[in-house]
Amino acid sequence: MAQALGEDLVQPPELQDDSSSLGSDSELSGPGPYRQADRYGFIGGSSAEPGPGHPPADLIRQREMKWVEMTLHWEKTMSRRYKKELAEAPGDPQWMETIGRDLHRQFPLHEMFVSPQGHGQQGLRQVLKAYTLYRPEQGYCQAQGPVAAVLLMHLPPEEAFWCLVQICEVYLPGYYGPHMEAVRLDAEVFMALLRRLLPHVHKHLQQVGVGPLLYLPEWFLCLFARSLPFPTVLRVWDAFLSEGAKVLFRVGLTLVRLALGTAEQRGACPGLLETLGALRAIPPAQLQEEAFMSQVHNVVLSERDLQREIKAQLAQLPDSVPGPLPRPQVRLAGAQAIFEAQQLAGARRGAKPEVPRIVVQPPEEPRPPRRKPQTRGKTFHGLLTRARGPPIEGPPRPQRSSTSFLDTRF
């Protein structure tokens, strides 16, 4: 099953873009505009030139700091083990060979991952190797590459490693193991949601024979890092880290609706290849972050709805399913649920509760302009005299022989 899902991540030659083949020395040493990196670090990216629709630099830095702040309360008692055992120890030769073949495929046009000897590819190798040593029973999954690469764009290797551990074990447990049992369950859940929310699209997919495992693993396993423009990817990750897996379902339902939502779109896809091509070739103008995320948040899917559908599909799984059964109860719904679970576990161990460090500051209210005091026709000495108020009764003060400040001339 894992091999079949891994093959689904590789697009047919006629459907995939040639971004995985870019990044050669001849291309990167081309004309000046091509070598220019945009604000996200992509060479020749569409956002290399600032425009009116681009967010300001301070907003981008604030978004990046959210990820750092979100990890401050995560438990990292294995920090010394990471540095001494996981980072410095040699990895399994079988996994290291597979990881080495995938390094150049992760964002080849990003300035961090251009050179095989650069800190980007070397850090990616270190993070992926560390996970195979940390969880040898799970090993390496090809979809972990783009996830770890996005983390390395914002975090140092050790922090990126612990974030990858959280994603694989808390946000999406059962996704990156050898059996991928949670992916199979979520594929059935997605089809059930599609049947309820987009019945015409669901009927079309069944008629042309497009099952969810033909397109959903690439979306969910890679957290849409290969399917959306990078600014939109960051917005999806913000929502995913905050709210959990239901964001992935909302984004997937939005993509399906954009590709096959109208009768004309479905009529132009009479077969399997045409339908898969439509799902992978949504116009970029419809995937821009502001408009796209507005549609994602408008999808009517709550955490309670998702859990209800998961229980229904879990009850329908046949007993003859190979591999372990999915355990959706261990999946936590976002940063707040993870923090509360860790607080509860610490309370059971008798540890002192930790104070949350994620603080959202409300927008400042505009202050009214200060009125200039009316001092026209008034002397400075008169203002001071009126501001002093009545004299304070008490013993008389000794007279100073020096001239007072008000009588001093400059």
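This is a predicted model: local features need pLDDT of at least 70, side-chain atom pairs count only at pLDDT 80 or more; totals for chains, interfaces and linings use all residues.
Arg235 counts as buried, at 18% relative accessibility. Arg235 pairs up with Glu290 in a salt bridge, and the structure holds ten salt bridges.

**The Glu290–Arg235 pair**
- The closest N and O atoms of Glu290 and Arg235 sit 3.1 Å apart.
- Glu290 counts as exposed, at 51% relative accessibility, whereas Arg235 is buried at 18%.
- As for location, Glu290 belongs to helix H17 (residues 289-297) and Arg235 to helix H13 (residues 230-243).

- Glu243, Lys246, Arg250 and Glu303 end up in one network, joined by salt bridges that share partners.

**Arg135 and its two glutamates**
- Arg135 meets Glu169 in a salt bridge, at 2.6 Å from N to O.
- Glu169 comes from helix H9 (residues 157-171), while Arg135 is in the loop between helix H7 (119-134) and helix H8 (144-152), so this contact ties together parts 34 residues apart in sequence.
- Arg135 also has a side-chain salt bridge with Glu137, at 4.0 Å from N to O.
- On accessibility, Arg135 is partly exposed, with a relative accessible area of 23%.
- Glu169 counts as partly exposed too, at 23% relative accessibility.
- Glu137 is exposed, with a relative accessible area of 53%.

Conventions: Residues are numbered from 1 along each chain as its sequence is written. Side-chain values use heavy atoms; hydrogens and water are left out. Buried means under 20% relative accessible area, exposed over 50%, partly exposed in between (1.4 Å probe, protein chains only). Helices (H or I, at least four residues) and strands (E, at least two) are DSSP runs, numbered from the N terminus.
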